[in-house]
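Good morning, and thank you for coming. Please take a moment to look at the sequence and the structure before I go through them.

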Amino acid sequence: MIAPRDRLTPLAGAMGSLLAGVRIAVTRTVERGGPLADALRRVGATVHEIPLTHIEPLDAAPLHAALRELAHYDWVLLTSVNAVERLAQAVREVGAESVMESRRLAVVGSTTAAACESHGWRLPTVQPERMQAEGVLDDLASRSDVEGSRVLYPAAAGARDVLPEGLRALGAVVDVIATYRTVPDAAGQERMLALVESGEVDLVTLAAPSAMDALLDALPPERASRLPVACIGPVTARAARLAGFPVKVESTAPTVEGWVRSIVQAYASRSTG
């Protein structure tokens, strides 16, 4: 859903083997990280797929209760594919499909929007170009149908308070429901440590602060301070810098193609220097 293979083919053709010899660890799950790993291989990189976290669903009862009242919500706010999938499952379980199809959606990122589309929901009313919470708030602040509205926000446990607090400041009533949590993958952490210790990783991709936390926990501090990372989004990049990782790539593009392009550009000087 992030970026179909046929959209990535021109990228490979244009950039050839500029990442030849670069060993990159992709830390997403196989399902989410597969398109990124494939795209990196097509531009010459050696890729290790090492999930550092996995998703644990939380008790669905609170979400079920909210969905039984879904007609009373004006907006549904979604910031990740994981939230979309947890919501979609709950929608099916309570038989709220027809109501969900008519709700206004505010989403962060094109992958989240694509996940919504795959379930037949309406196109997002708000989908900012900036792939972060502040972009959603900026777009919503310019609208006349937010003040006094009711917002359902299925989220990860421990998600940032920026969105609900910002929406409440705009006059909305926001119900935040934790639907899943991201936990470290011990096997992935062990494998990452072994590869880093043996000098087989040149760059690690990080798509979320939770992956950064799991990477930091897996490594001795002296290793972390010398391991370049490629982050997508400013929130993850900021967290990585605060943790002491050298951020070689900070991509603001909300697609796999854009992320790979940023990584290739970071290594382009090898062919021109």
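**Surface and interior**

The chain exposes about 12,100 Å², and carbon and sulfur atoms supply 50% of that area; accessible areas come from the Shrake-Rupley method with a 1.4 Å probe, and for residues only the protein chains shown count as cover. This is a predicted model, in which local features need pLDDT of at least 70 and side-chain atom pairs count only at pLDDT 80 or more, while totals for chains, interfaces and linings use all residues. Residues are numbered from 1 along each chain as its sequence is written, and side-chain values use heavy atoms, with hydrogens and water left out.

Of the 273 residues of the chain, 47% count as buried, where buried means under 20% relative accessible area, exposed over 50%, and partly exposed in between, with a 1.4 Å probe and protein chains only. The chain has 14 helices and 10 strands; these are DSSP runs numbered from the N terminus, helices being H or I with at least four residues and strands E with at least two.

**The cores**

Which residues touch the most other members of the largest nonpolar core? They are Leu 78, Leu 87 and Trp 121, in a core of 25 residues. A nonpolar core here is a set of buried Ala, Val, Leu, Ile, Met, Phe, Trp, Tyr and Cys residues joined through side-chain atoms within 4.5 Å. At least two residues of this core come from each of α3 (61–67), β4, α4 (81–94), β5 (104–107), α6 (110–118) and β7 (173–184). Helix α4 gives the most, with 7 residues. A second, separate core of 24 residues includes Val 196, Val 229, Cys 231 and Val 247.

Let us look at Leu 87. Leaving aside neighbours within four places in sequence, Leu 87 is in contact with Leu 63, Leu 67, Val 76, Leu 78, Met 100, Trp 121 and Pro 154; contact means heavy atoms within 4.5 Å.

The buried residues of α6 are Thr 111, Thr 112, Ala 113, Ala 114, Ala 115 and Cys 116. Their cover includes β4, α4 and β5. In the loop between β5 and α6 we find Gly 109, which counts as buried at 5% relative accessibility. The C-alpha atoms of Gly 109 and Val 81 are separated by 9.3 Å, although these residues are 28 apart along the chain. Just after α6, Gly 120 takes a positive phi of about 80 degrees.

Thr 53 lies in strand β3 (residues 53–57). Is Thr 53 buried or exposed? With a relative accessible area of 12%, Thr 53 is buried. Not counting residues up to four places away in sequence, Thr 53 touches Thr 29, Thr 182, Val 183, Pro 184, Asp 185, Ser 210, Ala 211 and Ala 214.

Thr 236 lies in helix α12 (residues 234–243) and counts as buried at 4% relative accessibility. Beyond residues up to four places away in sequence, Thr 236 touches Leu 206, Ala 207, Ala 208, Pro 209 and Cys 231. The C-alpha atoms of Thr 236 and Ala 208, 28 residues apart along the chain, are separated by 5.3 Å.

Finally, contacts across the whole chain: among those between residues at least 6 apart in sequence, 67% join residues at least 24 apart.
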